[in-house]
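Subject: Structure for you to look through

Dear colleague,

I am handing over the structure that we spoke about, and I would be glad if you opened it before reading further. My notes come after it, so that you can follow them with the model on your screen.

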Amino acid sequence: MSRSDFVKFYKENYMPLGMLALRMLESVEEAEDVVQDAFVATWMKLEQGARVDDIRRYMYRAVSNGALMKMRSRKHEAAVPEDLPDLCDDEDIDVAERDARVWRAIDKLPPRCRDTFLMAKRDGMTHAEIAAEMDISVKTVEHQVAKAMSRLRDALSSASGTPFFLPFL
């Protein structure tokens with residue numbers, strides 16, 4: 001794999017791999033460390049001539065293993081059970097990639113619309129609480145959340161070519 005191919009692969013897969021690590025570790029900083037370490041280690045192996053048949057699956061396995069090692073190294077938490085499920089099956093990969101697409105689309109929302117949407121959906125705030133915090137009307141909050149949902153559905157549906165529903169938000 002050439003350097004430019006690897007850079008392209010990195011750009012396309014960093015966020016989905018990060019979502020997998022984040023689901024396992026529940027820490028953004030640790031998830032970023034695990035993903036970055038996996039990319040560096042993989043690039044070094046490729047530079048040394050190692051052959052990887054399915055780089056995508058290899059990276060999901062490397063990130064999953066890295067996250068498990070990070071969990072085992074935590075001194076203040078209980079030991080990690082040995083019978084953890086395999087987090088590299090196709091469904092887990094699809095979920096990580098879907099989550100990454102959703103967050104990319106959220107990042108592209110206008111700032112005020114994005115903030116309002118995240119306060120409502122991520123933080124669970126009521127429209128009245130958001131209105132009070134942002135010093136706007138409840139109607140404006142309702143409009144911003146509806147606008148965000150519409151833009152997200154459009155962006156995610158056009159990216160996949162099929163309707164995309166956001167039941168998990």
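Below I go from the chain as a whole to single residues and pairs.

Please keep in mind from the start that this is a predicted model.

The whole chain

The chain contains seven helices and zero strands, so that, read from the N terminus, its elements follow one another as α-α-α-α-α-α-α. Of the 169 residues in the chain, 37% are buried. The accessible surface of the chain amounts to about 10400 Å², and carbon and sulfur atoms account for 52% of that area. If you take the contacts between residues at least 6 apart in sequence, you will find that 65% of them join residues at least 24 apart.

Is Asn-13 buried or exposed? Its relative accessibility is 7%, and because a residue under 20% counts as buried, Asn-13 belongs to the buried ones.

From α1 into α2

Glu-26 lies in the loop between α1 and α2, where it is exposed, with a relative accessibility of 71%. Most residues other than glycine have a negative phi.

Val-28 is found in helix α2 and counts as partly exposed, at 44% relative accessibility. Between Val-28 and Gly-18 there are 10 residues of separation in sequence, while their C-alpha atoms are 8.3 Å apart in space.

Helix α2 comprises residues 28-47, and Asp-33 is found in it. Together with Glu-29, Glu-32 and Asp-37, Asp-33 forms a negative surface patch. Asp-33 has a relative accessible area of 36% and is therefore partly exposed.

Salt bridges

How many salt bridges does a search of the whole structure find? The search gives three, and I describe each of them in turn.

One of them joins the side chains of Arg-51 and Asp-53, with 3.0 Å from N to O. Arg-51 is exposed at 73% relative accessibility, and Asp-53 is likewise exposed, at 67%.

Another is formed by Arg-122 and Asp-123, whose closest N and O atoms are 2.8 Å apart. Here Arg-122 counts as exposed, at 51% relative accessibility, whereas Asp-123 is partly exposed, with a relative accessible area of 41%. The cut-off matters for this pair: because exposed means over 50%, Arg-122 at 51% is placed in that class.

There is also a salt bridge between the side chains of Lys-139 and Glu-142, at 3.6 Å from N to O. Both residues lie in helix α7, which spans residues 138-160, and they are three residues apart, about one turn of the helix. Lys-139 is exposed, with 62% relative accessibility, while Glu-142 is partly exposed, with a relative accessible area of 33%.

Pro-110 is found in the loop between α4 (90-107) and α5 (111-121), and it is partly exposed, with a relative accessible area of 28%. Although Pro-110 and Ala-148 are 38 residues apart along the chain, their C-alpha atoms are separated by 8.8 Å, and this pair can be selected in the viewer if you wish to see how the two are placed.

Asp-135 sits in the loop between α6 (127-134) and α7. With a relative accessibility of 70%, Asp-135 counts as exposed.

When you go through the model yourself, you could begin with Asn-13, which is buried, and then turn to Glu-26, which is exposed.

Technical notes:
Residues are numbered from 1 along each chain as its sequence is written. This is a predicted model: local features need pLDDT of at least 70, side-chain atom pairs count only at pLDDT 80 or more; totals for chains, interfaces and linings use all residues. Side-chain values use heavy atoms; hydrogens and water are left out. Patches are made of residues with over 30% relative accessible area and no salt bridge: like charges are joined within 9 Å, nonpolar side chains (Val, Leu, Ile, Met, Phe, Trp, Tyr) within 5 Å. Accessible areas come from the Shrake-Rupley method with a 1.4 Å probe; for residues, only the protein chains shown count as cover. A salt bridge is a side-chain nitrogen of Lys or Arg within 4 Å of a carboxyl oxygen of Asp or Glu. Lys and Arg count as positive and Asp and Glu as negative; His and the chain ends are not counted. The place of a charge is taken as NZ of Lys, CZ of Arg, CG of Asp or CD of Glu. Helices (H or I, at least four residues) and strands (E, at least two) are DSSP runs, numbered from the N terminus. Buried means under 20% relative accessible area, exposed over 50%, partly exposed in between (1.4 Å probe, protein chains only). Contact means heavy atoms within 4.5 Å.
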